[in-house]
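Hi there,

Here is the structure I promised to pass on to you. Have a look at it first, and then read my notes below.

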Amino acid sequence: QVRLKESGGGLVQAGGSLRLSCVASGRTFSTYVMGWFRQAPGKGREFVAAITWSGYSTYYADSVKGRFTISRDNAKNTVWLQVNSLEPEDTAVYYCALGTNLRMNPVNSWGQGTQVTVSS
């Protein structure tokens, strides 16, 4: 089983940037699609972005296109989410996820999450 651990969250002003990281343990990391979800206070968990095992194909939620970038390095068992031009509406717990398709349905494994708070 692959275990996921996120880091990089924090408090940032609107317009700022963060780089979220997710490190996976387990020897089969490179065969999976990796993704990010987020959950804002009082709301359900929503899809943000996903990337194929090769890194050649990515998929984003409309709300983050052009502002967020997902990338991965299989040699480091790491996937990143670069989040730019942050808005207060981006405030949420961000979760790393492991799946088998770009729609991330189903999700096979979740991380514990990292908090991102954007102040106005």
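Is cysteine 22 buried or exposed? At 0% relative accessibility, cysteine 22 counts as buried, where buried means under 20% relative accessible area, exposed means over 50%, and partly exposed lies in between (1.4 Å probe, protein chains only).

Before going further, please keep in mind that this is a predicted model, in which local features need pLDDT of at least 70, side-chain atom pairs count only at pLDDT 80 or more, and totals for chains, interfaces and linings use all residues. Residues are numbered from 1 along each chain as its sequence is written, and side-chain values use heavy atoms, with hydrogens and water left out.

Now for the disulfide. A disulfide is a pair of cysteine sulfur atoms within 2.5 Å, and the count by this rule is one. Cysteine 22 is joined to cysteine 96, with an S to S distance of 2.1 Å. Cysteine 22 lies in strand S3 and cysteine 96 in strand S9, so the pair ties together parts that are 74 residues apart in sequence. (Strands are DSSP runs of E with at least two residues, numbered from the N terminus.) The torsion about the S-S bond is about -80°, so this disulfide is left-handed. Cysteine 96 also counts as buried, at 0% relative accessibility.

Next, the core. A nonpolar core is a set of buried Ala, Val, Leu, Ile, Met, Phe, Trp, Tyr and Cys residues joined through side-chain atoms within 4.5 Å. The largest one here has 34 residues, and Trp36, Leu81 and Tyr94 touch the most other members. Among the elements that give two or more residues to this core are strand S3 (18-25), strand S4 (33-39) and strand S8 (78-83). What does leucine 81 touch? Leaving aside residues up to four places away in sequence, its contacts include Leu18, Trp36, Val48, Phe68 and Tyr94; contact means heavy atoms within 4.5 Å.

A pair of aromatic rings is described by the distance of the centres and the angle of the planes. Rings of Phe, Tyr and Trp (its six-membered ring) pair if their centres lie within 6.5 Å; planes under 30 degrees apart count as stacked, over 60 as edge-to-face and the rest as tilted. That rule gives four aromatic pairs. In one of them, phenylalanine 37 and tryptophan 110 have ring centres 4.9 Å apart and planes at 70°, so the pair is edge-to-face. This pair links strand S4 with strand S10 (residues 107-110), and its two residues are 73 residues apart. Phenylalanine 37 is buried, at 9% relative accessible area, whereas tryptophan 110 is partly exposed, at 35%.

Tryptophan 110 also pairs with tyrosine 95: the centres are 6.3 Å apart and the planes at 85°, so this pair is edge-to-face. Tyrosine 95 itself is buried, with a relative accessible area of 12%. Together, Phe37, Phe47, Tyr59, Tyr95 and Trp110 form one aromatic cluster.

Where does the charged end of arginine 45 sit? It sits over the ring of tyrosine 95, 3.6 Å from its centre, and also over the ring of tryptophan 110, 4.4 Å from its centre. A charge sits over a ring if NZ of Lys or CZ of Arg is within 6 Å of the ring centre and within 35 degrees of the ring normal.

Enjoy exploring!

Note on methods. Helix = DSSP H or I, 4+ residues; strand = E, 2+ residues; numbered from the N terminus.
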